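Dear colleague,

I am passing on the structure we spoke about, and my notes on it follow below. Please read them with the model open beside you.

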Amino acid sequence: MSLTTEMECRPAISVITTVADQQSQWLTQSILSVAAQTREVLEFIIVAPPGDPCWDEVPTLNAHLGGFLKSVISDRPEPYHQAALGMKQARGDLIALIGSDDFYLPCKLEIESAMLERDPEAVLAHSAFFYTDERLALRGKFVMDDFNPKWLKNRCVVSEPALVRKSAWEAIGWLDESFEYACFWDAWLRMFERWPEGFRYDPAPTWLYRQHDAQVSRREMHTTHQQELRMKAVSEHYRRIGKPLPPGELTINSLKVGKA
């Protein structure tokens with residue numbers, strides 16, 4: 001088999017970003033980091049509300065990238081709703097998200113797609129990340145021992161950039177938007193229930209998580225509402241698997257979130 005034929009036979013990848021009043025240079029950096037992947041990407045889908053400033057930048061950038069970008073207008077500004085819209089329109093066999101303020105290292109999709117390609121039973125591939133300041137200067141790295149059901153029940157981690165088979169998303173019915181910002185965590189739990197041996201994890205950091213004051217996730221993480229959503233996700237998980245919640249208070253991300 002020739003190299004060209006081998007590349008054509010590999011699963012196609014769609015990458016999605018959601019945008020709401022993001023700094024244009026950060027979005028451009030995110031897009032270019034995906035365009036520079038060593039693993040070919042079929043399309044980069046940008047989802048944003050009508051009138052968002054990002055749409056002023058997209059035509060010029062898309063012309064430079066040869067039509068690589070696909071635009072999706074969102075009727076609502078919430079990132080989880082935008083993510084759901086983008087995923088349902090993705091044409092790739094594998095889907096990943098990137099924050100419009102984050103950055104993929106060139107090897108990111110190559111490493112994760114290889115985990116899925118060599119193991120037909122795997123449905124999700126995830127890798128560690130560096131966290132940075134606004135200028136993408138490294139502050140440290142976030143590495144898990146593993147990414148498994150036992151660990152995930154107590155950790156609502158930054159995992160949206162995981163590379164996931166589109167067929168797995170279709171099988172679980174996509175995102176449940178009633179969980180709002182916790183909807184990806186709920187989705188991973190539902191996938192674990194269906195494919196308990198289907199997750200693969202590489203502890204080598206492959207992307208950059210930009211931390212800044214305007215970051216929605218940082219503002220939302222410690223609110224009472226967010227803790228209630230996390231508790232809802234865990235409670236629904238235990239209900240689905242037919243087990244009672246652990247006795248006493250449940251700790252999620254080192255925070256007490258309620259009585260079981």
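In these notes a residue is called buried when its relative accessible area is under 20%, exposed when that area is over 50%, and partly exposed in between, with a 1.4 Å probe and protein chains only. By that rule, buried residues make up 48% of the 260 residues in the protein chain. Please keep in mind that this is a predicted model, in which local features need pLDDT of at least 70 and side-chain atom pairs count only at pLDDT 80 or more, while totals for chains, interfaces and linings use all residues. Residues are numbered from 1 along each chain as its sequence is written, and side-chain values use heavy atoms, with hydrogens and water left out.

The overall picture comes first. The protein chain has 10 helices and 11 strands, where helices (H or I, at least four residues) and strands (E, at least two) are DSSP runs numbered from the N terminus. If a contact is taken as heavy atoms within 4.5 Å, then of the contacts in the protein chain with a separation of 6 or more, 74% are between residues 24 or more positions apart. The chain exposes about 12,200 Å², of which carbon and sulfur atoms supply 52%; accessible areas come from the Shrake-Rupley method with a 1.4 Å probe, and for residues only the protein chains shown count as cover.

Now to the charged pairs. Side chains of opposite charge can pair when their charged atoms come close. With a salt bridge defined as a side-chain nitrogen of Lys or Arg within 4 Å of a carboxyl oxygen of Asp or Glu, the count comes to 13 salt bridges.

One of them joins E43 to R91, with the closest N and O atoms 3.1 Å apart. E43 lies in strand β2 (residues 43-48) and R91 in the loop between α4 (79-89) and β4 (94-97), so this pair ties together parts that are 48 residues apart in sequence. E43 is buried, at 1% relative accessible area, whereas R91 is exposed, at 53%.
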